[in-house]
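Hi everyone, thanks for coming.

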Amino acid sequence: MESSEMSTSSPLAARMRIFPIIQAPMAGVATPELAAAVSNAGGLGSLGIGASSVVQARQMIERTRELTTRPFNVNVFCHEPALRDEGREAAWLEHLKPLFQECGADLPTSLDEIYKSFVDDDEAFEMLLETRPAVVSFHFGLPTVEQVRALQDANIYTLATATSLDEAMQIQQRGIDAIVAQGIEAGGHRGIFNPDAVDEQLSTSVLVRLLVEKLDLPIIAAGGIMDGQGIKAALELGAAAAQLGTAFILCPESAANEGYRSSLKSERAAVTRLTSTLSGRPARGILNRFIDHADLATGVEPAAYPVAYDAAKQLNAAAARLGSHEFAAHWAGQGALMARELTADELMRQLIREWQAGE
């Protein structure tokens, strides 16, 4: 895509020399092939490395570089370490016991904190300084001031997710370059800093307008955006770009398995639910038997994030061996029914055509 064809209507798009379209990081689903295809088509492709080891993350970044010379984003998790509670974890496993029995699997005797926070991961931080992706983004919270400055000194553009004005103000005060305004419609994990805090659950449109009105940083709209008309609407609200996740899951370049794809292509995609039961943090996914069962817990709370995720993943692995996908995390936003099965390049071209048609 020639730079002369790009839209430079915002400082962010101008700096990156991209159309104002960002593919959401989607840890576990986004691949180097997907990120590179989006970037090569003129958007900003993204990798989510929060669920990867540092070695795996480096390999993903290097592979993406083999496939594109254009900018791409690398996303990390900045969650607080889990507060371990043996009683709470045992009670949660007991609530899930019937599902493990149904899958012919033994109930786990213990759970692990399977993901390390970037805030405490010096090795991951140093790896990013060495590999220097064009963009690094933060989810679930913020890195230290020193980490932000070091990344920016390495000429890395920084983004962070906000679900509220208060979080956005913290992002601006931390010196981060731009804000991803994540509305309640969004699929996957909410970037809320404190999952125990009151969540106003603002829609994408309300949140974008609020942040555009109150803050000086570029605002990226995220949540429920599936087509070019949605991108256009986000830009008209004052967003500097739109971030789409669910829209890219059916691309052959994504890592979504056949069960995930079948679910997203079926009528089941019409019903998504925001739940903490799968991972211990609020996340929106297609309703399935795990969510139905887990949400019925009375007086029992899921284990802390990401400890609860360990239980869900062990259950899903047992079910998958029996050919069942009823216990998988099929993250999807409220626009899931509009997902299209196109290559990433074809989808990007279609998104650009739809957006520009109303310009």
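I'll go through the sheets, then some helix packing, and finish with a few local details.

A word on what we're looking at: this is a predicted model, where local features need pLDDT of at least 70, side-chain atom pairs count only at pLDDT 80 or more, and totals for chains, interfaces and linings use all residues. Residues are numbered from 1 along each chain as its sequence is written, and side-chain values use heavy atoms, with hydrogens and water left out.

Two strands pair if DSSP finds at least two bridges between them.

For angles, axes are lines fitted to C-alpha atoms, for helices over the stretch in contact, and the angles run from 0 to 180 degrees between N-to-C directions.

Inside that sheet, have a look at strand 3 (residues 72–77), which runs parallel to strand 4 and is joined to it by 5 bridges. Asn75 stands opposite Ser137 in strand 4.

There is also an open sheet of 3 strands, in the order 7-11-10, with antiparallel pairing. Strand 7 pairs with strand 11 (residues 283–286) in the antiparallel sense, over 2 bridges. Here Gly188 stands opposite Arg284 in strand 11.

Now the helices. Two packed helices are described by the angle between their axes and the distance between the axes.

How do helix 3 and helix 5 cross? The axes of helix 3 (residues 54–67) and helix 5 come within 10 Å and cross at roughly 15°, and the two helices are therefore roughly parallel to each other. Their contact, meaning heavy atoms within 4.5 Å, includes Val54, Ala57 and Ile61 of helix 3 and Met127 and Leu128 of helix 5. By class, this contact has 6 nonpolar, 1 polar and 4 charged residues. In that count, Ala, Val, Leu, Ile, Met, Phe, Trp, Tyr, Cys and Pro are nonpolar, Asp, Glu, Lys and Arg are charged, and the others, Gly among them, are polar.

Helix 3 also packs with helix 2 (residues 32–40), at an angle of about 40° and with the axes 9 Å apart. Helix 2 and helix 3 are therefore oblique to each other. Among the residues in contact are Pro32 and Ala36 of helix 2, and Met60 and Leu67 of helix 3. The residues of this contact divide into 5 nonpolar, 2 polar and 2 charged.

Next, helix 9 (residues 228–236) packs with helix 13 (residues 344–357) at about 50°, the axes being 7 Å apart. That angle makes helix 9 oblique to helix 13. The contact includes Gly228 and Ile231 of helix 9, and Leu351 and Trp355 of helix 13. Its classes are 4 nonpolar, 2 polar and 2 charged residues.

On to the aromatics: the whole structure has 9 aromatic pairs. Rings of Phe, Tyr and Trp (its six-membered ring) pair if their centres lie within 6.5 Å; planes under 30 degrees apart are stacked, over 60 edge-to-face, and the rest tilted. Phe19 and Trp355 have ring centres 6.0 Å apart and planes at 80°, so this pair is edge-to-face. Phe19 sits in the loop between helix 1 (11–16) and strand 1 (21–23), while Trp355 is in helix 13, 336 residues apart.

Two backbone details to finish. Most residues other than glycine have a negative phi, and most peptide bonds are trans. Arg132 has a positive phi, near 50°, and lies in the loop between helix 5 (122–131) and strand 4 (135–139). A cis peptide bond joins Tyr305 and Pro306, with omega about -5°. Pro306 lies in the loop between helix 11 (289–294) and helix 12 (307–321).

Definitions and conventions
Helices (H or I, at least four residues) and strands (E, at least two) are DSSP runs, numbered from the N terminus. Angles under 35 degrees count as roughly parallel, over 145 as roughly antiparallel, 65 to 115 as roughly perpendicular and the rest as oblique.
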